[in-house]
Structures are given as structure tokens and as C-alpha cells.
Amino acid sequence: VSRSWYGAKMTFGHFQSQSIFLFKVPYEEIERILEIPVPEMSIMQIGSISGFIRPIQKKWITADFVFGAAFGKARSLYLKDIEYEYNLVENRFTYIEKDYQLVKVNHFGYQVGVNISFYFSKRIGLQLNARVQDLSNGGTFFFVGTGLCFRL
């Protein structure tokens, strides 16, 4: 929703992060460090309500400075416990059991950013946007994106 040089925006994003960290266990009998790969996964849904100021507004280009509130809902699987058996003769793990804990956390914060839209026709354009979101106990995120935009 916008007027000539100001307006408001609502956004929503869905993000999934998967990583593998190596759980290192010192094994003194063979003077080695065993590494157990442990996959982790986080899913976050982020929404925001923002205002914007449009200092540049031409037929072919607009630029918006965006500022507002952000909300994130995160679900993450964290390693709670691990049990394993290692065979020295075969030099491999014979048994690995991982116990995960599901952690659900809500985050509130703010966002600031910029949108630049280039219109190659009267109603259709290409928008470049960049945002920084800082969420309470949820981290700071930098988003860069592009997409089509339309004038109604």
C-alpha cells in the first residue's frame, strides 16, 4: 500500500537450514579423535510489517527505505544425547544412536532495508531488495533478493 512518497508493506518468508557438525570424541587408547557427523535442521518463518519512504520516484525507477517490526517463529532440532560403539579391529562405528530435542522459540525484532525497482514497461518491473533483520535471541539476518514487481 503506498501513497506518492510513503507507504506500508507486509512480508512473509519461510526458511530452512540444514547443517552437519562433527561431534569430536577423544579416544585415548588409540590416540585418535573420532568424528561423528551430526545433522541438524532449523525451520524459521519470518513475517514483518514495515513502513517505507520513497525518496526516488520516476517513471522507470523507484527507491524505498524500509523500516519496521519483524517476527520469527523458529523450530530447531538439537542433539540432546548420543550413544555409540566403536570397533577398533574394523576401525568403524558399529552402533550410533542420536537423541534430538525439538526447540520452539518465537523472536521479535526490527528490520531496515532498501528496495530499488526498475520498470522496463509501464506496469512491470524488476525489484532488487536488501534487508537486515535483528531478532531477539534469534540472530541477525541479511537478506538480498530480486523479483518481478507490478504497478496496478
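**Reading the salt bridges**

Modeller: Arginine 54 and aspartate 64 form a salt bridge through their side chains, at 2.7 Å from N to O. This pair links distant parts of the chain, with arginine 54 in strand 2 and aspartate 64 in strand 3, ten residues apart. Please bear in mind that this is a predicted model.

Colleague: Is aspartate 64 buried or exposed?

Modeller: Burial is read from relative accessible area, and a residue counts as buried under 20%. Aspartate 64 is buried, since its relative accessible area is 1%. Arginine 54 is likewise buried, at 15%.

Colleague: How many salt bridges does the structure hold?

Modeller: The structure holds four of them. One of them joins the side chains of glutamate 35 and lysine 24, at 3.9 Å from N to O. Glutamate 35 belongs to strand 2 and lysine 24 to strand 1, so this pair ties together parts that are eleven residues apart in sequence. Glutamate 35 is partly exposed, with a relative accessibility of 40%, and lysine 24 is exposed, with 53%.

**Reading a buried position**

Colleague: What does serine 117 touch, if residues up to four places away in sequence are not counted?

Modeller: Serine 117 is part of strand 4, which covers residues 92-119. Serine 117 is buried because its relative accessible area, 2%, falls under the 20% limit. With those sequence neighbours set aside, serine 117 touches Trp60, Ile61, Thr62, Leu126, Gln127 and Cys149. The side chains of serine 117 and glutamine 127 are also joined by a polar contact of 3.2 Å.

Colleague: Where is threonine 62 found?

Modeller: Threonine 62 is found in strand 3, residues 61-87. At 4% relative accessibility, threonine 62 counts as buried. Its contacts, leaving aside neighbours within four places in sequence, include Arg54, Asn115, Ser117 and Arg151.

**Reading a strand pair and a surface patch**

Colleague: In which sense do strand 5 and strand 6 pair?

Modeller: For paired strands, one asks about direction, bridges and the residues that stand opposite each other. Strand 5, residues 124-135, pairs with strand 6 in the antiparallel sense over twelve bridges. As an example, glycine 125 stands opposite cysteine 149 in strand 6. The hairpin of these strands has three residues between them, and asparagine 137 takes a positive phi near 55° there.

Colleague: Why does strand 6 lie largely in the open?

Modeller: Strand 6 lies largely in the open because the number of buried residues is one among its twelve, residues 139-150.

Colleague: Which residues make the nonpolar surface patch of about 820 Å²?

Modeller: The patch is made by Trp60, Phe118, Phe120, Ile124, Leu126, Leu128, Leu148 and Phe150. Strand 5 and strand 6 are the elements that give two or more residues to this patch. Strand 5 provides the largest share, with three residues. Leucine 126 is found in strand 5 and is partly exposed, with a relative accessible area of 35%.

**Reading the loops**

Colleague: Where does glutamate 31 lie?

Modeller: Glutamate 31 lies in the loop between strand 1 (6-27) and strand 2 (32-57). Its phi is near 50°, which is a positive value in a residue other than glycine. Glutamate 31 is exposed, with a relative accessible area of 73%.

Colleague: What is the phi of asparagine 91?

Modeller: Asparagine 91 has a positive phi of about 55°, although it is not a glycine. The place of asparagine 91 is the loop between strand 3 and strand 4. Asparagine 91 is partly exposed, at a relative accessible area of 44%.

How values were computed
Residues numbered from 1 in each chain as written. Predicted model: local features only at pLDDT ≥ 70, side-chain atom pairs only at ≥ 80, totals over all residues. Heavy atoms only, no water. Helix = DSSP H or I, 4+ residues; strand = E, 2+ residues; numbered from the N terminus. Buried < 20%, exposed > 50% of the residue type's maximum accessible area, 1.4 Å probe, protein only. Polar contact = N/O pair within 3.5 Å; in protein donor to acceptor, adjacent residues only side chain to side chain. Contact = heavy atoms within 4.5 Å. Pairing = 2+ DSSP bridges. Patch = residues over 30% accessible without salt bridge, like charges linked within 9 Å, V, L, I, M, F, W, Y side chains within 5 Å. Areas by Shrake-Rupley, 256 points an atom, 1.4 Å probe, with all protein chains shown as cover. Salt bridge = Lys/Arg side-chain N within 4 Å of Asp/Glu carboxyl O.
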